[in-house]
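This report goes through one structure step by step. Please have the sequence and the 3D view open while reading.

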Protein chains: 2
Amino acid sequence: MTKTSDSVDRPLGREAFEARLRAIGDERYHDKHPFHAMLHNGGCTPMQVRAWVINRYYYQSRIPMKDAAFMSRCADPDLRRMWRSRIEDHDGGVEEGGGIRRWLKLAEAVGLDPHYVASERGILPATTFAVDAYVRFVRDMPLLDAVASSLTELFAPKIHSERIEGLLKHYDFANDASLSYFRKRLTEAPKDVAFGLRYVLDTATTAERQAAAAAALTFKTNVLWAQLDALHSAYVEPGRIPPGAWNGTEGLLDVQARDVA
Amino acid sequence: MTKTSDSVDRPLGREAFEARLRAIGDERYHDKHPFHAMLHNGGCTPMQVRAWVINRYYYQSRIPMKDAAFMSRCADPDLRRMWRSRIEDHDGGVEEGGGIRRWLKLAEAVGLDPHYVASERGILPATTFAVDAYVRFVRDMPLLDAVASSLTELFAPKIHSERIEGLLKHYDFANDASLSYFRKRLTEAPKDVAFGLRYVLDTATTAERQAAAAAALTFKTNVLWAQLDALHSAYVEPGRIPPGAWNGTEGLLDVQARDVA
């Protein structure tokens, strides 16, 4: 969070400021991480795909808590109304579930016991540190910063499209059912981010606020990048799995047992 | 934090419980991490040593904040009195400074501008996520868990001795002045940890509390391990330095300029 020159200057115009925010994605979004490329071009082993699913579950599971933390600080019913659908999207109803349950469908498709994944055992500590930092950022920082940190969704449709295409092409487990999480996000995320972007452009009316919003978005790209770095470090050769983290054997579905059940 | 069988059983006796805590160090303390071995056997490049100094500074700088967070929750003056010296050890007085200033002496000895290191620029995001998680753990969790998380100091004298010996043997920058941080910790840490261990053994009188204390100490070993993992991932070949993190060129001391000053 270095002080940038424009923090003492006049604010950027609306279009220039949006371009500045988008440039952060061009430089730092996790679609630039080598693990992303490995995953999408079929270079991941089953163990690496599973490690990604186990760890990314922790992120998914904390998103509605993050959104509730945000709403707990909004005095404006209009803002809460706009935000509420994010929690609904992830949790859904008792019967049909939402994004989290769709993630567990993916877990099952890659051969993981969804109960094991949902138990949060075996998650890399670095994953929990990064994700928890995000939840606390949204709980503690000014509302503008909190909304700005959600703007990584500006860059998400591209990564989700690449994921669907790459996974379908390269992995047997990939089909419409197992990838329903990503397909659903293709319609959910643009609605959320359109509102978030408008809020940030409307609210960041000084150079100082623009710098804070850019720093918040940068922080969020770090949260995402650190998660792929931790996966890469633990599970890509040579691989250093930290003590206590998933070692590739726990929580596997016993397919035979399932077939006869 | 898995539920262990003894959490529904009788508590361990005092000696057996202490042995359980020490076993966590045997299995998970960061002296088992390959970066530790590289550092102490002379296998680190100057850039790797500097990256370690820059990132470990962030940990050092947060320790007194962590201790203040702890004391802010202690209603007992005796407990606060016992704890106060930790802040004194790290901050010292205006003139002579304390552990943090000694760390900056080490930074200077390895060729880093101490102002750059103290600016906290270039620190790996994963370092800040892990360290901030520790400060917040101590701020949010029961006092027993907070004290138990400090018990990694049980294992610190060994690592500090190894550091002094290994660094003196292998690196030109190492001498009594540059390593004063570690030498000082050899006398400070045992006093702190003797109190902390007694507090934990006295307070964890049920199996459930013993499990919580063990989980807290495990959490802290994860905080330390994740920091070395992030360093290894970023700065050991092949090395993936995250966007915005120190790239080996910023903050270097211009020795010639210093010599003529």
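## Helix pairs within chain A

H7(A) and H11(A) run roughly antiparallel to each other, because their axes cross at roughly 165° and angles over 145 degrees count as roughly antiparallel. Helix H7 covers residues 125-140 of chain A and helix H11 covers residues 207-235, and their axes come within 8 Å. The crossing of H7(A) and H11(A) is left-handed. On the H7(A) side the contact is made by A:Ala126, A:Thr127, A:Ala130, A:Ala133, A:Tyr134 and A:Phe137, and on the H11(A) side by A:Phe219, A:Lys220, A:Val223, A:Ala226, A:Gln227 and A:Ala230. By class, these contact residues of H7(A) and H11(A) are nine nonpolar, two polar and one charged.

A second pair in chain A is formed by helix H5 (residues 99-109) and helix H10 (residues 180-203), whose axes come within 8 Å and cross at roughly 145°. From H5(A), the residues A:Gly99, A:Arg102, A:Trp103, A:Lys105 and A:Leu106 meet A:Ser180, A:Tyr181 and A:Lys184 of H10(A). The contact of H5(A) with H10(A) has three nonpolar, two polar and three charged residues.

## Confidence in the model

The model is predicted. The scores for the model are ipTM 0.88 and pTM 0.91. In chain A the pLDDT averages 93, and 94% of the residues score at least 70. Residues 256-261 of chain A have a pLDDT below 50, and this stretch has one contact in the model beyond near neighbours in sequence.

## Where the two chains meet

How many residues does the contact take from chain B and from chain A? Chain B gives 21 residues, and chain A gives 21 residues. On the side of chain B that touches chain A, helix H1 (14-28), helix H7 (125-140) and helix H11 (207-235) each supply at least two residues. H7(B) gives the most to that side, with seven residues. By class, the side of chain B that touches chain A has ten nonpolar, four polar and seven charged residues.

Helix H11 of one chain also packs against helix H11 of the other: the axes of H11(A) and H11(B) are 10 Å apart, at an angle of about 85°. H11(A) is therefore roughly perpendicular to H11(B). A:Asp229, A:His232 and A:Ser233 of H11(A) make this contact with B:Asp229, B:His232 and B:Ser233 of H11(B). The residues of the contact of H11(A) with H11(B) include no nonpolar ones; four are polar and two are charged.

| Helix pair | Axis distance | Angle |
|---|---|---|
| H7(A) and H11(A) | within 8 Å | roughly 165° |
| H5(A) and H10(A) | within 8 Å | roughly 145° |
| H11(A) and H11(B) | 10 Å | about 85° |

## Backbone details in the loops

Most residues other than glycine have a negative phi, and most peptide bonds are trans. The next residues depart from that pattern.

A:Glu120 is not a glycine, yet its phi is positive, at about 65°. A:Glu120 sits in the loop between helix H6 (114-119) and H7 of chain A. With 15 C-beta neighbours inside 10 Å, A:Glu120 counts as partly exposed. B:Glu120 also has a positive phi of about 65° although it is not a glycine, and B:Glu120 lies in the loop between helix H6 (114-119) and H7 of chain B. B:Glu120 is partly exposed, because 15 other C-beta atoms lie within 10 Å. Between the C-alpha atoms of B:Glu120 and B:Leu201 there are 37 Å, and the two residues are 81 apart along the chain.

The peptide bond from A:Glu237 to A:Pro238 is cis, with omega near 5°. A:Pro238 is in the loop between H11 and helix H12 (255-260) of chain A. In chain B, the bond from B:Glu237 to B:Pro238 is cis as well, with omega near 5°, and B:Pro238 lies in the loop between H11 and helix H12 (255-260) of chain B.

## One residue of H10 in chain B

Is B:Ser180 buried or partly exposed? B:Ser180 counts as partly exposed, because it has 16 C-beta neighbours inside 10 Å. B:Ser180 belongs to helix H10 (residues 180-203) of chain B. Leaving aside residues up to four places away in sequence, B:Ser180 touches B:Arg102 and B:Lys105. B:Ser180 and B:Ala212 are 32 residues apart in sequence, and their C-alpha atoms are 35 Å apart in space.

How values were computed
Residues numbered from 1 in each chain as written. Chains lettered and ligands numbered in written order. Predicted model: local features only at pLDDT ≥ 70, side-chain atom pairs only at ≥ 80, totals over all residues. Axes fitted to C-alpha atoms, helices over the stretch in contact; angles between N-to-C directions. Helix = DSSP H or I, 4+ residues; strand = E, 2+ residues; numbered from the N terminus. Parallel < 35°, antiparallel > 145°, perpendicular 65-115°, else oblique. Left-handed = near helix turned anticlockwise from the far one by under 90°. Contact = placed C-beta atoms within 7 Å. Nonpolar A, V, L, I, M, F, W, Y, C, P; charged D, E, K, R; others polar. Buried ≥ 20, exposed ≤ 12 C-beta atoms within 10 Å, placed from the backbone. pLDDT = per-residue confidence, 0-100.
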